[in-house]
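Q: Could you show me how to read strands, sheets and helices in a model such as this one? I would like the general idea before each case.

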Amino acid sequence: MFKRAQRMNSFHTSVFTELLEEKKRYEKEKDEKVIDFSLGSPTIPPSPSIIKTMTKAVSIPSNYRYAVMPISGMISSIQKWYQSRYQTSLEENEITLLQGSQEALVNLPLIYCNPGDIVLVPDPYYPVYVDAPRLAGANIHFMPLKAENNYLIDLDAIPDDVAQKAKMMIVCYPNNPTGACAPDSFINDLIAFARKNNILVVYDNAYSDLVYTGVPGRSFLSFDHAIEVGVEINSFSKSYGMAGARLGVLLGNQEVVEAYKVLKSNMDYGVFIPVQEAGIAALESGSSLVKETQQRYEHKRDLMVDSFRLAGWELPCPKATMFIWARIPEKYKNCYEFCHELLKATGVMVTPGTAFGPMGERYVRLSFVLEEEDILEAASRIRESQFFLKSDYSD
């Protein structure tokens, strides 16, 4: 009866919704719990000090007013965080708060893209990287991330005419879903590419604290000239376990941050004050809390890679994030067939790679956020089912 706008034609039911329905069917028919590695929702909770701060703040009636401006101490805490963690100095007008990092990923294309403009997007990608530009009417040019190139964007492969017309470029390292990290040389090349072609770089840095190489993840803004061409989005979700509390930051180019504030002032009334109080408490808790979270995820990664290998599934060991990007055996037609057969045989659920773009056809993504007992139970089911054979991984 009510006709949707044409912009909705590019939106379909989320693959995670489809997986949830399949999960319900399996559990009803088999009367057995599905071990679900499809969602990357952090399971490590905030520290007790963060929870205590928020609990106290929600009991104060005045904290329920509109939070049009950040509370006292919020921006200065972010400045201190970036100075101590990333050795990056930022001015107040180079920072704005977000209700989660995805807010900025959705809104930035609305600010800078007219219908028909080009946005450069990595493939595979986090789904909103594509959804948001399409909502703004922009065209997508995919930048394939290939294993043989360590999942780095091949800047030289972008046609000159596309680069010259591109308005925006979305980049994510440490990368979801591949788990790849980018060397400093790549970031320097990226900045030079953006400067040459006058492209706004939107750098998603949500996983910079979940790096397992022994070398801490860096900020895009810590590189020379980066602030001239881009902004960075960072999050409290992964490092501090505050995913549901929805707190993020947009930092960098002053012109872009100011434009974002204009749009935001017409769309919402800021971040709930108790969430800001918790954010300040998180930043004041110091690096030891973040290090503990990183070590726990690294332990889960190692447990999953080792136990699944003994069960017959040779998983790659990612350098960062909370995800494993695994190639499927050649005998399966595509990732959807593999996921369906794996669930049917073992009750283990993973995400088909094409949920993250065309380059994912021969891949699946697994998140290692579940508890250790779930990881070991999944490995046991896979081993007992003999789902994988040695021939699956032979050349």
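**Reading strands and helices**

A: Strand S3 (residues 118-123) and strand S5 (residues 166-172) are paired in the parallel sense over 3 bridges, and Leu-120 has Met-169 in S5 as its bridge partner. This is a predicted model, in which local features need pLDDT of at least 70 and side-chain atom pairs count only at pLDDT 80 or more, while totals for chains, interfaces and linings use all residues. Residues are numbered from 1 along each chain as its sequence is written, and side-chain values use heavy atoms, with hydrogens and water left out.

Q: What counts as a strand or a helix, and when do two strands pair?

A: Helices (H or I, at least four residues) and strands (E, at least two) are DSSP runs, numbered from the N terminus, and two strands pair if DSSP finds at least two bridges between them. Strands of a sheet pair through backbone hydrogen bonds, either parallel or antiparallel.

Q: Which order do the strands of the open sheet of 7 strands have?

A: The order is S2-S8-S7-S6-S5-S3-S4, with mixed pairing. S2 and strand S4 (139-144) are the edge strands, each pairing on one side only. From one strand to the next the twist averages 20°, where axes are lines fitted to C-alpha atoms, for helices over the stretch in contact, and angles run from 0 to 180 degrees between N-to-C directions.

Q: Which helix lies across S3, S4, S5 and strand S6 (200-204)?

A: Helix H5 (residues 128-135) does, running at about 160° to S4. Helix H7 (residues 184-197) also packs on the sheet, where it touches S3, S5 and S6 (contact means heavy atoms within 4.5 Å), and its direction makes about 150° with that of S6.

Q: Are the two faces of strand S2 (residues 95-98) covered or open?

A: In a regular strand the side chains alternate between the two faces of the sheet. In S2, Ile-95 and Leu-97 on one side and Thr-96 and Leu-98 on the other are all buried (under 20% relative accessible area, with a 1.4 Å probe and protein chains only), and both faces are covered. S2 pairs with strand S8 (residues 248-252) in the antiparallel sense over 4 bridges, with Thr-96 opposite Leu-250.

Q: Which residues of helix H13 are buried?

A: An α-helix has 3.6 residues a turn, so residues three or four places apart point the same way. In H13, Cys-335, Phe-338, Cys-339, Leu-342, Leu-343 and Thr-346 are buried. They cover an arc of only 125° around the axis (taken from the directions from the helix axis to the C-beta atoms), which puts them on the same side of H13. After H13 comes Gly-347, with a positive phi near 75°.

Conventions. Buried < 20%, exposed > 50% of the residue type's maximum accessible area, 1.4 Å probe, protein only.
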